[in-house]
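Dear colleague,

I am passing on the structure we spoke about, with the sequence and coordinates placed just below. Please have it open while you read the notes that come after it.

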Amino acid sequence: MTNVAVNSVNVLGPSGSQKFMRRIVPLIALAVVLAVIPFFGPSRTVYSLMSAMGVNIVFAMSYNMLLGRAGLLSFGHAVYFGLGGYAAVHAMGAIEAASYGEGGFWASYPVFFLPVIGFAGGALAGAIIGWPSCRRAGTPFAMISLGVAELIAAAGFMFGSIFGGEEGISGDRMNGPELFGLSLGPIDEVYWFIAFWTFIGVLGTYAFTRTPLGKMSEATRDNPERVEFVGYDPQKVRYLVFIFSGGFAGLAGGMAAVNYEIFTPEALSLVPSGMVLLMAYIGGIRYFAGPIMGAVLLTYMQSMMSDYSEAWLLYLGLLFIAIVMFAPGGLAGIVVGLFNGLRGEGAGENFRRWSVQIAGIVLIMIGLITLVEVSVHWSNNYGEVFEPFGMHLPHDGVLTWAVIFIPFVAGVGILRMAHKNKEGQA
Amino acid sequence: METIVFSLLNGVIYGLLLFMLSSGLTLIFSMMGVLNFAHASFYMLGAYFAYTISEASSFWLALVFAPILVGLVGALVEKYGLRTVHVNGHVAELLFTFGLAYLIDEVVKIVWGRNAVDYRVPELLDFPLFELFGAQYPAYRIFTLFVALAMLAALWFILNRTRAGLIIQAALSHPHMVGHLGHNVPRIFMTVFGVGCALAGLAGVIGGNYLVTDPAMAVQMGPIVFVVVVVGGLGSLMGAFLAAMLLGLLQTFAVAIDARFADIFGWLGLSEATELGSITIASLAPMIPFLMLVLILMVRPRGLLGDREL
């Protein structure tokens, strides 16, 4: 009899090949992508962009352990990133001092493994700060995280010997023993360092979701009362998750310390905390790969669009609000929805509907972008005029307002019609 | 003595300004459960609207119309933004207002520029009112005091002595029951959100020229407003008032105290030469609100006078 029960459970679970496809293949794909990038001979700009992306990917993954998995909204996650990073920068200084001086433990510690120090620093900070914060989820947790972030950021500017005041603490990554023949001097060698730790970070956060603790954190998010009935302490679960999340944020901080060789108290402030929240949410907090997509997109926007348009933060805000209002699954949710919708039944119907919707969205975007760019050029007072595709669009031209309003109104109209059609069919 | 009197006056005025800013948020938060991240952005909008209106006409018109404009913007945000997000829960609402704060910040930077605008105290009030201990006290601060007190009285009257106030108070604690009695709860929400934003806007109008009107003012004030609401307690305007006064006085007095850690903890052997000993009490002033926030959430999660926990 017991055999029957065991058998039926086995049938319900994923088969071996499914497990392999879902769990191992994406990780191998990530490793291959990371390893292949240098063979395309990227420029220095691309290398530094890639390194920034790697740091942000791990940071966003650690943030999603809280927001997506455990349901804890934090406004101060940069605290753990920053404290881990500071730990790593100080360790970097110790390595430098030891390799010129008397030696000892730090003389034999390779810079390559500094993210481990970062992890320890972030986890320690999480263990200390997490204890009072994790008693409650929801709004109290969010408020405590905000208060703690403000306190730590203010303290950062106060204790110059630890945080280096305004100019921060800088280090030199080219000291100590070399590992894998990487001197970490040139930027392409730093890339291998970042790639390695990005993979470790993603692997680690993924492995965490497979542990009993990772599973319990999701259960605590959905129904803390049930969790208590089953015999777990939700507060303890949150606390442990918080420590690990702080650790991975510190890992990202350690990567950043080696990558930039400097840490300033700015890194602890609310600005990077807000940024990582945007990354994770825009990418999609309910999907494991979501924060990766968000981190890649936002880092790209941050470094590329900020050159191109001054108003990139405005576009970021618009994107974020659009995601919160219309696509709570984030980019990953959109991708998964498209993928599922274009397979199987009703693919043609879905394709038609989405084409119409995309057309509407593009029209609205044309109108909005024109409005924003014209306003930015006008408010700069440099006398510059927004000139896309050879069109001359001053702020008081009729053509300008036509380019703004006609696509916008048309786009809104199309979306409303598509919405109505869908409701009519249902 | 001189320091105490001046600190007391300035502290009370700052506290009243804080209360003006946070009273709207307390109403919104208690009724709808939305911790509006963009609340301080509406305060900033109030200051900028007032600047533009007073450039074009006069400060007095701005005092009336800027808050109304801000209130309208708030009502629109509630109707077309928050209501859509509401189905996705409180976290989505909080995130929506978080994005909105980003958006308003950037729009303000584009429309009014990145630097502080020259939003000045009206000439009619730009004179020293009285002299205390040889120092002059500007009349505008006393004007601020009276506007805040008038607003406090009006708010109290509307909430406690009118039918609309009765419905709002009922909707604070039992929104479903109010709905069952036939009131249009979404419209009450929209009105309260609009009025709350208008109050923040009013604070902006009179705070903008008292402090500074620049794109950073929302970021500076935003977290402090949260502190007032959380420390005051859910559903309690009185609590918010107490918390705002407490914060205003504590911060002003901390700035006025000329002491270092070494002076206070010298008996423990802390010398002024060490880093910890050289920290002044004045430099701790910006940290006080957040210390209060963390402590109150740990010790008494319902706030000073709150009727329920967060």
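This is a predicted model: local features need pLDDT of at least 70, side-chain atom pairs count only at pLDDT 80 or more; totals for chains, interfaces and linings use all residues.

Chain B contains 12 helices and 2 strands, and, read from the N terminus, its elements follow the order α-α-α-α-β-β-α-α-α-α-α-α-α-α. Its radius of gyration is 20 Å, close to the 19 Å that the globule rule gives for 310 residues, so chain B is as compact as a globular protein of that length. Along the principal axes, the C-alpha atoms of chain B occupy a box of roughly 65 × 50 × 40 Å. Of the 310 residues in chain B, 47% are buried, and when one takes the contacts in this chain between residues at least 6 apart in sequence, 74% of them join residues at least 24 apart.

The unreviewed UniProt entry lists residues 12–38, 58–77, 139–159, 188–212, 224–257 and 277–299 of chain B under "transmembrane region". I looked at two of these spans in the model. Residues 12–38 of chain B are 78% helix and 0% strand, with the end C-alpha atoms 25 Å apart, while residues 224–257 of chain B are 85% helix and 0% strand, with the end C-alpha atoms 21 Å apart.

Turning to where the two chains meet, the contact draws 35 residues from chain B and 32 residues from chain A. On the chain B side, at least two residues each are supplied by helix H3 (59–86), helix H4 (90–112), helix H9 (217–232) and helix H12 (288–299), and H4(B) gives the most, with 13 residues. By residue type, the side of chain B that touches chain A divides into 27 nonpolar, 6 polar and 2 charged residues.

In chain A, the domain assignment gives domain 1 (20–270) and domain 2 (342–425), and the centres of these two domains of chain A, taken over C-alpha atoms, are separated by 39 Å. Helix H15 of chain A covers residues 330–341, and its 12 residues should span 16 Å at 1.5 Å a residue, which agrees with the 16 Å between its end C-alpha atoms. The buried residues of H15(A) are A:Gly330, A:Leu331 and A:Ala332.

With best wishes

Terms used
Residues are numbered from 1 along each chain as its sequence is written. Chains are lettered from A and ligands numbered from 1 in the order in which they are written. Helices (H or I, at least four residues) and strands (E, at least two) are DSSP runs, numbered from the N terminus. The radius of gyration is taken over C-alpha atoms; the globule rule is 2.2 Å times the number of residues to the power 0.38. A residue is buried if 20 or more other C-beta atoms lie within 10 Å of its own, exposed if 12 or fewer, and partly exposed in between; C-beta atoms are placed from the backbone. Two residues are in contact if their C-beta atoms, placed from the backbone, lie within 7 Å. The expected span of a helix is 1.5 Å times one less than its number of residues. Ala, Val, Leu, Ile, Met, Phe, Trp, Tyr, Cys and Pro count as nonpolar, Asp, Glu, Lys and Arg as charged, and the others, Gly among them, as polar. UniProt positions are given in the numbering used here, feature names are shortened, and annotations may be inferred rather than shown by experiment. Domain bounds come from an automatic or database domain assignment.
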